[in-house]
Amino acid sequence: MARTRSARSEERRADILRAALEVIAERGYRGASLGAVAERVGLTQQGLLHYFPTKEALLVAVLEERDQWDTGGRRSSADGWRLELLASLVEYNAMRPGIVQTFSALLGESVTDEHPARPFFTRRYAQVREEMTDVLRAEFGDRLPGGLTPEHAAPLLVAVMDGLQFQWLLDPESVDMAASFQDFVALLGIPDGAGAADGAS
């Protein structure tokens, strides 16, 4: 019985997170309300507070859940990040515009003072820059072909991925995220389709 209750609770929590993603995508974080999310999953606002005690707690859970979805497509538990997996993630994101739009909108809002998502994004970008540094070092060693160190190139790699998302959201007919990301990888000095072993040789 306890396991059944726990499973139902996890299922309800997942429903709330999906609904929150939808509401935030439609209205932005500041325009979204707990009441709107609760109504979408058939709960009262008080019922929703049983799962997420504050709007801020719900927002952080949405962002963490979104990162968990990405993790399945971009990492290997044995090898960590790889550039070819990053290219696959860019292609995958092009198939889920709603989630990309929500993430991008929250990222834009989070640069304002006191926004509850700001600590999350600050931590996330520090972690991602570190991981991208490791990716580039695995591919190229201590210097990329153009002379940059992995530490200096990593923020550029992150900026290209997120910047392409914004451009694609604004004009999806004109911006091919996957192709543009491959172009950037080529600029780094990796022939299309080359793996880590090829890049390091």
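Biologist: Which residues does the UniProt annotation "DNA-binding region" cover?
Modeller: According to the unreviewed UniProt entry, residues 33-52. UniProt positions follow the numbering used here, feature names are shortened, and annotations may be inferred rather than shown by experiment.

Biologist: What should I know about the model itself?
Modeller: This is a predicted model, where local features need pLDDT of at least 70, side-chain atom pairs count only at pLDDT 80 or more, and totals for chains, interfaces and linings use all residues. Residues are numbered from 1 along each chain as its sequence is written, and side-chain values use heavy atoms, with hydrogens and water left out.

Biologist: Back to residues 33-52: how much of the span is helix, and how much strand?
Modeller: The span is 60% helix and 0% strand, and its end C-alpha atoms lie 13 Å apart. Helices (H or I, at least four residues) and strands (E, at least two) are DSSP runs, numbered from the N terminus.

Biologist: How many helices and strands are in the protein?
Modeller: The protein has ten helices and two strands. Along the sequence the pattern reads α-α-α-α-β-β-α-α-α-α-α-α.

Biologist: Different topic. At what angle do H6 and H7 cross?
Modeller: Roughly 105°, with the axes of H6 (residues 97-110) and H7 (residues 118-140) coming within 9 Å. Axes are lines fitted to C-alpha atoms, for helices over the stretch in contact, and angles run from 0 to 180 degrees between N-to-C directions. H6 and H7 are therefore roughly perpendicular to each other (under 35 degrees counts as roughly parallel, over 145 as roughly antiparallel, 65 to 115 as roughly perpendicular, the rest as oblique).

Biologist: Which residues make that contact?
Modeller: Phe103, Leu106, Leu107 and Ser110 of H6, with Arg118, Phe121, Arg124 and Tyr125 of H7. Contact means heavy atoms within 4.5 Å.

Biologist: Is Leu106 buried or exposed?
Modeller: Leu106 is buried, with a relative accessible area of 1%. Buried means under 20% relative accessible area, exposed over 50%, partly exposed in between (1.4 Å probe, protein chains only).

Biologist: What is Leu106 in contact with, leaving aside neighbours within four places in sequence?
Modeller: Ile24, Tyr29, Leu59, Leu63 and Phe121. The C-alpha atoms of Leu106 and Leu63 are separated by 9.0 Å, although the two are 43 residues apart along the chain.

Biologist: And where is Thr102?
Modeller: Thr102 is in helix H6 and is buried, at a relative accessible area of 2%. Beyond neighbours within four places in sequence, Thr102 is in contact with Leu21, Ile24 and Ala25.

Biologist: What share of the protein's residues count as buried?
Modeller: Of its 201 residues, 39%.
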